[in-house]
Amino acid sequence: MQKKIIAASLAVAIAGPALAADPATLKWVSVPRTQITLFYPGQSTQEWMTSAAHRAGATGVNEGKNCQECHADEEADIGKTIVSGEKLEPTPIPGKPGSIKVTVQAAYDEEYFYLRASWPTNLKEAGVFHDYKGLKDGKWTTYGSNRTNKDVKSGAAKVSYEDRFNFMLGDNKGSVANFANQGCWVTCHNSMRDTPNEPTKDQVQAHPVLGKDGMKKSDIRKYLAETRTETNDVGGWDKLKDKSALDDLMAKGTFLDLWQARAYRSLPVGKADDSYVFQYRNFDSGKKPFDSNWDGEKKQPKFMFDPAKNKGAVALTQAQFRDPMAPKLDNTNSVPFDPAKVKDGDILPGFILNTKTDGSADDLNASGTWANGVWTMTFWRKLNTGQKDDVALAVGQAYPIGLAVHDDNVTTRFHYVSLPLKLSLGTKEGHINAVELK
Amino acid sequence: MPSNSSEELKVARARRLWDALHDFFKSPLNGVLALFGTVVVLGLSFVAAEELNIRGNSTAFCISCHSMSAYVYEEFKQSKHYTNASGARPECGQCHVAKRFWPAVYDHIMGTHDLIEEYSYDWSKPENFEAKRSAMAEKARLKMYNEDSHTCRECHKMEAIAPARKRGQRAHEDAIKKGRTNCIACHYNLVHKEAPLTEKFSQAIKGFGG
């Protein structure tokens, strides 16, 4: 009972405003730390991993070897090779290091599971910014975005994106067959965003299920090969199984839980982006911590600041760009966008935050602090949320997991990732072993 | 009868030849000379055949065909088997032709098929080569696999290999432990341009990944 109270009070304490000091600090002192090297994966998709380009590794992967069996302790070397553009990276980011070291701690009590990660960032400030749109010559264009955005690359827009800590979790029954051995690579395919053979926006929109008559997607994100009738060198993004087959798979738990602590789009509202990878990288059901603030049809923002709550201003000024003290647009300080009220040079966030999350999208809490060049981000969630789009955890069990970090204004595959890892709760069989909080 | 007389003529000729040989070998010196002559002729034939083997193994010989010089040779030049710290550089045949005499003769006879292929297609078009690359790679890989990669091991001694990377150290330690030392089963994309794994070759190397 006392533990429950502690957990509840902790949740209340941390679900406060953005970047508050982590109240869980005291608890973490007794929790063992594991250092994991995350490395830059480039375009090493699942299709690459099982192809002749992976040489003898392909035979190993196809015969059920775990990546760790060949590559344990090689993470830094692999990252260095790929990030340089020597292989698997057609668009290298100049000066980007090939790997980072993340310190991970995990714990649980009667009701909750806690996961904390900290890492020294390459960016010498908290990466708590994201996409911004700016009004230039009467037209809303990209003002700030990630390093690989075309406008940023061309110099038309500035660099601005959020840092992230990501956690992928499979169940302990091997429902996603290859996740334990192949890690996050089971979700990463040719034909996805920023990978070889990426389909065009028109091609995706024309797809009967994924496109504008169905899920309304315009690009391809993570998916499981289990959800396709066929995957090949091209990827197989469009070869979706039919609905009843997909429903059966989902009911059997053939999906991966994906938690993303987003420094701009979720941490300020005390949440992580709770998603799952299945036939697409889907958001959990319910109201999630953020939504797009871009009206694609009108080519203008959907919301602007309520001047009554933003010192009379409806937008941010250029001086407020990448200012950590600048307000973030959310449901409490916004009004519908009015083109008559903005002027050239105004900036508006590309996303709007939701302080009132609900449903399954509400059950994953997160906090983060950046100090002295180090991010520390924490997730906590009920061991079993009871939701169909979450993987339940139980004490005494072990689970396949993967970790990733988006560092220094990058998105999509320009992250650092772990080899396949194992998380245990209350036993010592994992790479990361969660201990009971006493 | 004319047939009878022709038959008789043949018998008479044979008898004359036999008599001549008989007379010739009456002298032991002549016998020794004949034996010596036979040895010399056979010896020279072997030397000539071996010389043909050696010439046929040479890179210079192989690249006298367009299909070899324009594609696989250019790829070879980019590889570590062409330029490396030790300066060791094999000739084409040192990898692709058996080491021992008769197997080498056999390989060269079979190799005449390449000559037919050389004149069967327009190799000036890279797409023609690429269309056949997978099948050609499969053939070369299977040949090496079926010969237990013995040409590789003429130079590379398994126990003397010291891989620089951890993955190599682990793989070689495991290979020695399990006795699975058929080089090509793992190193199938080594010298020439990457070619995909075919079903047949994948089946052949089954078990090498575990």
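The legends below describe several close-up views of a predicted model.

**View 1. An edge-to-face ring pair in chain A, formed by Tyr132(A) and Phe321(A).** Over all chains, the count of aromatic pairs comes to 27. In the pair shown here, the ring centres of Tyr132(A) and Phe321(A) are 5.6 Å apart, and the planes of the two rings stand at 80° to each other. Tyr132(A) belongs to strand S4 (residues 132-136), whereas Phe321(A) lies in the loop between strand S14 (303-305) and strand S15 (334-336), so the pair ties together parts of chain A that are 189 residues apart in sequence. Tyr132(A) is buried, with a relative accessibility of 6%, and Phe321(A), at 13%, is buried as well.

**View 2. An edge-to-face ring pair in chain B, formed by Trp123(B) and Phe129(B).** The planes of these two rings meet at 70° and their centres are 5.8 Å apart; because planes over 60 degrees apart count as edge-to-face, the pair of Trp123(B) and Phe129(B) is given that name. Both Trp123(B) and Phe129(B) are buried.

**View 3. A cluster of aromatic rings in chain A.** Ring pairs join Phe113(A), Trp119(A), Phe165(A), Phe167(A), Trp259(A) and Phe379(A) into this cluster.

**View 4. Charged side chains over aromatic rings.** In chain A, Lys288(A) lies over the face of Phe290(A), at 5.9 Å from the ring centre. In chain B, the charged end of Arg141(B) is placed over the ring of Phe201(B), at 5.6 Å from the centre of that ring.

**View 5. Cysteines without disulfides.** Over all chains, the structure holds zero disulfides. Cys188(A) takes part in none, and the nearest cysteine sulfur, which belongs to Cys184(A), is 9.2 Å away; Cys188(A) is also buried, at 18% relative accessibility. In chain B, the sulfur of Cys152(B) has its closest cysteine sulfur in Cys183(B), at 4.3 Å, which is too far for a bond, because a disulfide requires the two sulfur atoms to be within 2.5 Å.

**View 6. The interface between chain B and chain A.** The contact takes 17 residues from chain B and 17 residues from chain A. Together the two chains bury about 1400 Å², and 47% of this area is on carbon and sulfur atoms. Of the area that chain B buries against chain A, 38% is supplied by Arg167(B), Arg170(B) and Gly209(B), which is more than any other three residues supply. Two salt bridges are found across this interface, and the side chains of Glu74(A) and Arg167(B) meet in a salt bridge with a distance of 2.8 Å from N to O.

Key: Residues are numbered from 1 along each chain as its sequence is written. Chains are lettered from A and ligands numbered from 1 in the order in which they are written. Side-chain values use heavy atoms; hydrogens and water are left out. Rings of Phe, Tyr and Trp (its six-membered ring) pair if their centres lie within 6.5 Å; planes under 30 degrees apart count as stacked, over 60 as edge-to-face and the rest as tilted. Helices (H or I, at least four residues) and strands (E, at least two) are DSSP runs, numbered from the N terminus. Buried means under 20% relative accessible area, exposed over 50%, partly exposed in between (1.4 Å probe, protein chains only). A charge sits over a ring if NZ of Lys or CZ of Arg is within 6 Å of the ring centre and within 35 degrees of the ring normal. Contact means heavy atoms within 4.5 Å. Buried area is the accessible area (1.4 Å probe) that two parts lose on being put together, summed over both. A salt bridge is a side-chain nitrogen of Lys or Arg within 4 Å of a carboxyl oxygen of Asp or Glu.
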